[in-house]
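Work through the following exercises with the sequence and the 3D view side by side. Each task is followed by a solution that goes step by step.

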Amino acid sequence: MSGSIFVSIAAYRDPDCMNTLRSLFANAREPDRIRVGLCWQALPGTDDEFYPVLDRKGQCAVLHVDARESRGACWARSRIESLWCGEDYLLQIDSHMRFTTDWDVVLQEMLAKCESQKPVLSTYAQEFPKSFPETDEFTPEIFPNLYAQKFDDHGVLLLGSTCYPLLQAPELPERNPFFSANFFFADASVIESVPYDPHLYFFGEEISMAVRLFTHNWDVFTPNAVPVFHDYNRRPERGLHWDDHGDWWDLDRRSRARVRHLLGTETSVDPDIVIDIDKYGLGAARSLAEYEKFAGVDFRARTVRRA
């Protein structure tokens, strides 16, 4: 028998979340060992028909948030961690995803093969087939590998992914310095070791978490077979936080400044920027300089070393 899995889903006004939950449970080999923590951010009276928990209600803990009170994706992911009840593993995903058969066992077996005491599986999930929604067939054909793309105008490192044919996948998962927020699987002790930072908004979330994991002695590995798919298309029926919140730019401004402070790009003394920075900061097991060498980046110079 495999271990139990706590699945973190931050959903913002997403009508596809119900299909994500259906796929999650239907394609698991041991669905009874899965427990979902869901932050459901919706407009009361407007989004009621989209409420996603239709089945297995006893396995879904839900935080109901009026969408007008939401503070963004990282804030929601942080709140979800309070719902963890000691399950063995953590899987963090988005609310518009699909799963392949036996994904739960596949991930656990893959994690066990990673050559690390504290392994993490993370990469950008595969994209939905172009024929979706006419077809609902999700067959893995590629594996995405993350890389450092460039620093944006705000000094925050952006990530990209290169997709390779599945036939070229390595025999075992390989280490990668980067992290994806839409697919993240690890021993659930990572929740206490590297808690999600609620003071970030969106941009900078992934590089911040990548460095924090590294400096707390966690090693990220690229899965050599990705059993999850993500809908990257912008769909009009799926609301976005920044479309609804006129003050999103201020949340984003402070979030980017926090990332720059955390990664040594630019020091801040603004108490709103550095709030709880010790709790959500870097670890002491490995240094920022070691991460930069491993990842081929220089945060202060804002440069990326090309292979």
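Helices here are DSSP runs of H or I with at least four residues, numbered from the N terminus. The model is a predicted one.

**Exercise 1.** Determine in which helix Arg77 is found, and decide whether Arg77 counts as buried or exposed.

Solution. Begin with the position in the chain: Arg77 belongs to helix H2, which covers residues 73-80. Next, take the cut-off, by which a residue is buried when its relative accessible area is under 20%. Arg77 has a relative accessibility of 5%, so it counts as buried. Finally, look for its partners: once neighbours within four places in sequence are left aside, Arg77 is in contact with Ala10, Gln92, Ile93, Asp94, Ala181, Tyr196 and Glu205.

**Exercise 2.** Trace the order of the strands in the open sheet, and explain why one side of E3 and of E10 is left without a neighbour.

Solution. First follow the eight strands, which have mixed pairing and lie in the order E3-E2-E1-E4-E11-E6-E12-E10. Strand E3 (60-66) and strand E10 (174-175) are at the edges and have a single partner strand each, so one side of each has no neighbour in the sheet.

**Exercise 3.** Find how many of the ten residues of helix H1 are buried, and what they pack against.

Solution. Helix H1 (residues 17-26) is mostly covered, since seven of its ten residues are buried; among them are Met18, Leu21 and Phe25. These buried residues of H1 pack against E1, E2, E3, E4, strand E5 (97-99) and helix H3 (103-112).

Conventions: Residues are numbered from 1 along each chain as its sequence is written. This is a predicted model: local features need pLDDT of at least 70, side-chain atom pairs count only at pLDDT 80 or more; totals for chains, interfaces and linings use all residues. Side-chain values use heavy atoms; hydrogens and water are left out. Helices (H or I, at least four residues) and strands (E, at least two) are DSSP runs, numbered from the N terminus. Buried means under 20% relative accessible area, exposed over 50%, partly exposed in between (1.4 Å probe, protein chains only). Contact means heavy atoms within 4.5 Å. Two strands pair if DSSP finds at least two bridges between them.
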